[in-house]
Amino acid sequence: MASRFSYFQLHRRLYTTTTDQWSIKQVRNSNFHSCLGDLKNHISDSDFIALSLQRTGSSSFPWHRPQPFDTLDTAYCKAKYAAEKFQILQFSLCPFSVRDSKLIAHPYNFHLFPRDELNIGMPSYSFSCQVSHLTSIAREGFDFGAWVYDGISYLSRAQESIAKAQMGCQTLTPNTDAVKSSSEPSVFDTIFVQRVKSRVKNWKDAYDSSSKTNDALLSTLKKLIVGIEQYGSRPSIVIDVYSERQTLLALELLKEFSDDVVPVVISAKSGGTQAIRAILTSSKEDKILLEKELQNLEDEENKKFRGFREVIEMISASQKPIVSYSSLHDFTFIHSKFLAPLPTSIDEFASSLHLVFPRVLEVKHLMSKIGGLSKPMSIAAALSYLKKHYYAPTYLDIPIEAPGNDHKPQGHNAIRLCHLFAKVCSLLKIDLSGVQSNNNECLASMLEKCSNVSSSFSPYHHEPKDEDVKIWARDVRKASCRHLVFLWGFREGMTAPLLKASLEGSHEVFCEEFYVRFVDKKCAIIVFSQPGLSETFLDAINSDCIVGSLREMVSEGLRATGYETYKRMCRFDLWEADLAESLERAIFEADPETAQLDINYSNDTVISLDDL
Amino acid sequence: MHPSHPLWARRLFCFIRTTNYSSAAVTAPATASNSSFPLKNVTKSNFEAALSELRSHVRAADFVAVDLEMTGITSAPWRDLLEFDRFDVRYLNVKDSAEKFAVVQFGVCPFRWDSAKKSFVAHPHNFFIFPRHEIEVDGPSSEFLCRTTSLEFLAKYQFDFNACIYEGISYLSRAHEDAARKRLNFAYGDEMLDASSNVTNVRDKKRVGIADVLFRERMKNRLHEWRDRLLSERNMEFQGQEGSNDHKRQFQTIFFKTRPALTLSDFTSHQIKLIQLVIKKHFEDLCFVVVNDGNADLQQFVVYVDSRDDKELLMQEVNRDQNKAAETKIQSAIGFRHVIDLLSSEKKLIVGHNCFLDMLHIHRKFIGSLPSTAEEFVSSFGKHFPYVMDTKILLNDNYILRRRMNKSNTSLSSAFGSLCPHIAFSSLRVNALNDCVQVEVQVDDLRSSKWNSGDKHEAGYDAFMTGCVFAQACNLMGIDFIDCSTSKNLVDNEILQKHINRLYLNWASGDIIDLSTGNQVTESFKTRKHRVRVSFENIVLIWGFSTNLTARKIKACISKVFGQANVSSVNHLDESAVFVQFTKPEMVSEFLNLKEKLEKRDDPISVLHPLTELFDARATHAAGYEAYKKICSSPMSKLLFSDQAEAVGINRKTMLIKSEAKRSKIDQAVDMLDETTEIQGTEGEANDLSSTNYQSLRSSSM
């Protein structure tokens with residue numbers, strides 16, 4: 001209700017500040033290709049691109065969602081898990097610039113459905129939906145019928161290359177100069193080259209002579225004997241290859257005929273190359289014409305394969321800074337759906353992402369520089385908070401879209417994000433309108449302001465990994481994760497004060513100050529204030545000679561483990577409904593063999609796990 | 001399953017659908033206007049009325065046909081390997097499907113024999129259901145999986161997604177109902193507990209802010225004032241007048257359960273806690289009450305009570321109200337399960353087509369979580385639905401029907417077409433044959449005997465078709481409906497006894513499960529051809545090998561060690577795993593031992609072993625059939641089998657860490673080998689060309 005309310009407030013405000021009626025261009029499959037041209041212009045004219053994703057769900061269990069006590073690694077594991085499970089329903093995109101505290105924005109909202117357009121089981125075999133998410137989207141008036149019938153499909157970069165191979169597509173040879181035989185040719189190579197060369201020669205000669213004689217019967221016979229095919233109106237020949245090495249050799253030798261022969265690579269179903277088609281052209285001009293034709297064909301094909309990814313490629317190619325609200329969350333989705341499957345570590349993810357999107361600005365992080373905004377909130381809530389507490393005039397200037405667009409309130413988050421970004425920047429005294437004139441300098445300073453964002457993502461300025469985590473969402477205090485112990489197996493209906501009371505006096509480590517925080521109903525975190533106490537406690541609880549009330553509690557089922565187990569559990573994707581369940585599985589599966597693997601990079605907790 | 005329309009046609013179709021649905025998002029039509037088949041569509045808005053009507057129809061019915069539409073069938077490609085699934089494994093895979101996917105449409109069609117008109121009367125109902133939560137339920141039921149192609153499939157048959165999500169009827173399983181009831185009781189108890197603990201918390205706090213002290217003092221005075229005025233005015237007519245205007249907004253006098261009371265509004269939760277504390281500390285005759293009026297808002301009152309007894313009386317009254325409100329809430333949250341309860345309590349014969357998965361869905365969604373074995377499932381399900389008839393079994397079991405079907409496909413639509421042409425095609429209705437059962441359709445009070453064919457794969461119409469097939473099948477088997485005692489006692493009918501409660505557990509291998517006994521049998525092989533017997537104890541599962549190894553190569557590789565005759569088959573589960581079937585069970589353990597030995601030893605001899613090629617990749621794993629069962633039983637579903645095996649943790653347990661030294665030794669040896677066997681290798685490769693490659697070779701030389 002709250003977000004709806006603020007939406008209407010925003011709505012009213014936007015209407016009053018601008019005389020123009022603004023609308024968000026809703027893009028589905030039927031109007032997708034026609035709007036790409038406009039989008040391209042808008043992107044190249046803007047300074048920034050804001051994006052926001054509407055998903056089919058977020059994790060239903062509290063501990064599956066990012067928690068304040070997550071490190072960057074575990075937060076990434078959680079984001080990865082969600083990105084692999086759910087789908088993007090709507091992708092709202094808004095190229096924008098700020099000129100004299102006036103926001104010029106061009107909002108788009110793309111409706112995506114992972115339809116299997118090519119009948120190859122891609123882009124997505126199946127996906128999860130969260131009921132509460134769908135119902136809340138329904139409340140906004142989302143048309144689910146149109147989503148399935150007319151959503152835009154896509155293939156990721158990785159999927160595209162698999163699909164092309166599966167369908168045996170042909171591609172122009174990228175750059176024949178790069179093709180160099182690396183090692184000494186073997187006997188087989190020589191035989192292969194000679195055979196192919198003579199075959200190509202025969203074919204060319206045959207064609208030259210047959211074109212002169214013009215005898216239909218003779219040319220047919222020749223076709224049968226030499227294996228000539230037609231490629232369009234031009235003659236061609238197919239050279240089968242059985243290895244990548246042979247592909248290189250064949251391409252190399254075809255260069256000899258490069259005056260009038262164009263080689264095309266045909267991929268095999270299993271990946272790699274199946275054959276090379278050589279096409280004979282009649283003249284140099286004809287060759288250029290053919291190459292153009294093939295290029296167009298490939299572009300056309302790409303369009304069919306890429307679908308919505310065309311937009312992602314467009315954004316990437318523009319190299320404009322991207323404004324995202326919660327970048328880890330957004331870009332894990334973008335990476336897994338449009339680039340490639342997510343790598344296991346956040347460093348690999350960051351470097352892979354950096355190649356495609358070098359500049360990402362996280363508004364959430366920028367906002368943390370403003371006081372009072374440390375707790376997590378939605379874009380709309382943040383916007384209304386700023387409006388209430390700060391004066392920062394920004395005016396929206398959104399050109400009127402062509403009539404006939406539906407004006408349903410969908411995909412507003414990207415435009416809200418532009419607005420929020422502009423406000424936050426003006427509060428932080430970052431001049432956005434200068435970006436255009438002295439591009440590099442300004443942006444560099446701004447990037448520095450959000451330096452933490454880029455460092456959290458980029459592998460280049462890597463600080464020694466700070467393993468301190470926050471425990472409470474609203475509390476700025478941090479604790480090292482080595483001081484954290486996960487505790488579960490107590491009776492139902494236990495509360496933090498009760499648990500704390502029963503722990504006090506059960507062991508000497510609890511004489512010092514400690515905190516208790518519940519993660520879910522069945523699992524709590526204990527935060528020790530002194531170093532070393534967590535290890536002492538874990539050793540004590542796992543040793544044979546525990547005494548007193550702690551012994552009593554352990555025999556009642558109390559279990560404990562360190563932060564390493566939590567990390568490992570996230571890494572191995574052990575996502576049970578209850579955190580306690582998952583932790584138990586992680587301990588159970590840590591038999592000596594895997595523990596050995598762990599010793600390489602963590603010496604602290606494995607020892608205690610072995611005792612279990 | 002695969003859309004066969006050309007792309008342009010689908011585009012056009014999409015366009016038409018969009019224009020239709022962009023405005024129709026909010027309200028779903030109660031009866032489909034575009035379908036010419038008379039059918040009752042039921043959504044949230046007309047559910048109550050439809051339910052009470054359905055009650056009488058079901059009571060009067062001789063049997064009830066059902067059909068379900070789901071958001072998907074298999075959660076991973078390797079879960080669909082019907083031929084290699086043993087009984088128990090098949091159950092696990094069907095269970096996985098029922099647990100992950102949602103039911104979006106539920107067709108219920110009661111059939112009643114009308115002895116006067118000598119025809120059946122069918123009442124096809126099409127319920128849109130959606131697992132929306134009317135009351136708070138936690139657990140995995142709040143998520144469901146969608147198979148992309150299944151949604152496309154539904155879209156192809158014009159499924160109304162908006163009607164389902166916006167207007168779908170929600171439901172609550174029996175297990176969830178119990179949990180919700182417990183929770184509501186608990187929540188109430190908790191609230192009381194909470195309140196008291198909060199009170200102590202506030203008192204325990206060492207430093208109480210001055211603001212709080214002032215606020216408490218002010219509240220104490222106000223409550224005093226209010227109570228004193230109440231008492232002084234008691235003998236006069238109570239007017240409910242307040243003194244000053246500023247706190248009139250927050251303090252409003254009303255009557256609560258015939259007692260004068262104050263409603264507290266616009267206070268923060270902390271302030272409410274302080275007020276509670278004040279009342280508890282200073283006022284014996286005031287009582288703090290929280291009422292949940294069914295909406296999200298809680299209302300707080302301060303009620304004046306005469307005595308301690310009166311206070312207790314008041315609390316009891318409040319409790320009673322609370323329980324009543326909770327009860328109505330739960331009743332309405334049960335939603336569509338009322339229909340299932342109705343079918344269950346009436347103990348009618350339930351008819352479905354190839355309906356084992358449907359029954360599992362019914363159990364999972366409306367009764368409770370699925371047991372881990374088929375036997376337990378059967379005993380649990382039988383308590384609720386004692387009589388189930390599967391028309392697919394009937395058509396394959398019965399000799400007369402098999403002959404009548406004339407070896408044609410036993411899919412629902414084809415069975416309907418060949419057994420009930422007089423119903424399927426209205427043009428044939430006129431010259432209906434004598435041995436045809438007549439069926440009329442009644443929706444609301446409108447009875448019709450002529451219609452055009454309905455939308456295939458719409459649950460209501462599919463249920464209707466199933467019922468018609470069953471009725472016609474009964475007729476062909478010689479069950480005489482005109483004798484009115486037969487129709488009333490269908491479940492005891494001698495002819496049907498042989499077939500009742502028999503369901504296909506696995507249609508592809510002909511495994512049948514008997515719902516009344518839990519016995520599992522495999523269909524007699526006379527009725528089917530081309531069946532390969534799979535002996536599960538002879539199977540080794542291999543996964544994680546390098547991608548260029550095909551089944552043929554693996555077979556050749558293993559044959560070199562065990563002999564050509566002893567490896568009976570190698571089949572792919574998916575690209576990452578194979579089943580190897582030996583001729584003798586002891587070869588399985590022999591193979592596994594050999595694998596372990598080869599991996600431990602790193603001398604050149606073991607490197608030259610033919611199996612090294614297969615095991616060379618570090619990720620290659622092998623296990624017997626029981627490991628496969630374990631992998632299938634996991635709630636996870638990774639797309640690739642090797643990923644699934646790893647996620648389940650089988651890999652991690654059997655993994656042997658090879659030293660780097662060994663790796664390099666292998667590499668050296670392999671290099672050596674390469675030189676000597678290169679010629680052989682290329683020859684072998686040439687022979688091993690896949691058929692498609694061969695095809696293209698031929699076509700290119702033409």
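Two strands pair if DSSP finds at least two bridges between them. Helices (H or I, at least four residues) and strands (E, at least two) are DSSP runs, numbered from the N terminus.

The model is predicted: local features need pLDDT of at least 70, side-chain atom pairs count only at pLDDT 80 or more, and totals for chains, interfaces and linings use all residues. Residues are numbered from 1 along each chain as its sequence is written, while chains are lettered from A and ligands numbered from 1 in the order in which they are written.

**Exercise 1. Work out the four-strand sheet of chain B and the helices that lie on it.**

Step 1. The strand order of this open sheet is 19-20-18-21 (chain B), and the pairing is antiparallel.

Step 2. Strand 19 (567-574) and strand 21 (621-624) of chain B are the edge strands, each pairing on one side only.

Step 3. On average, neighbouring strands of the sheet are turned by 20° against each other, direction ignored.

Step 4. Take strand 18 (residues 539-543) and strand 20 (residues 577-582) of chain B: five bridges join these antiparallel strands. B:Val540 has B:Val580, in strand 20 of chain B, as its bridge partner.

Step 5. Helix 25 (residues 641-648) of chain B packs on the sheet and touches strand 18, strand 19, strand 20 and strand 21 of chain B; its direction makes about 95° with that of strand 18 of chain B. Helix 21 (residues 586-600) of chain B lies across strand 18, strand 20 and strand 21 of chain B, at about 155° to strand 21 of chain B.

**Exercise 2. Which residues of helix 21 of chain B are buried, and which are exposed on the other side?**

Step 1. Apply the cut-offs: a residue is buried if 20 or more other C-beta atoms lie within 10 Å of its own, exposed if 12 or fewer, and partly exposed in between, with C-beta atoms placed from the backbone.

Step 2. B:Met587, B:Val588, B:Phe591 and B:Lys595 are buried in helix 21 of chain B. They cover an arc of only 110° around the axis, which puts them on the same side of helix 21 of chain B. The arc is that of the directions from the helix axis to the C-beta atoms.

Step 3. On the other side of helix 21 of chain B, the exposed residues are B:Glu586, B:Ser589, B:Asn593, B:Lys597 and B:Lys600.

Step 4. The cover over the buried residues of helix 21 of chain B includes helix 20 (551-562) and helix 23 (612-615) of chain B, together with strand 18, strand 20 and strand 21 of chain B. Two residues are in contact if their C-beta atoms, placed from the backbone, lie within 7 Å.

**Exercise 3. Check the span of helix 10 of chain A.**

Step 1. The expected span is 1.5 Å times one less than the number of residues.

Step 2. Helix 10 (residues 284-306) of chain A has 23 residues and should span 33 Å; its end C-alpha atoms are 32 Å apart, which agrees.

Step 3. In helix 10 of chain A, A:Leu290, A:Phe305 and A:Arg306 are buried. Just after this helix, A:Gly307 takes a positive phi of about 60°.

**Exercise 4. How do helix 22 and helix 23 of chain A cross?**

Step 1. The axes of helix 22 (residues 563-571) and helix 23 (residues 579-589) of chain A come within 9 Å and cross at roughly 90°.

Step 2. That makes helix 22 of chain A roughly perpendicular to helix 23 of chain A. Angles under 35 degrees count as roughly parallel, over 145 as roughly antiparallel, 65 to 115 as roughly perpendicular and the rest as oblique.

Step 3. A:Thr565, A:Tyr566, A:Arg568 and A:Met569 in helix 22 of chain A meet A:Ser582, A:Leu583, A:Ala586 and A:Ile587 in helix 23 of chain A.

Note on methods
Axes are lines fitted to C-alpha atoms, for helices over the stretch in contact, and angles run from 0 to 180 degrees between N-to-C directions.
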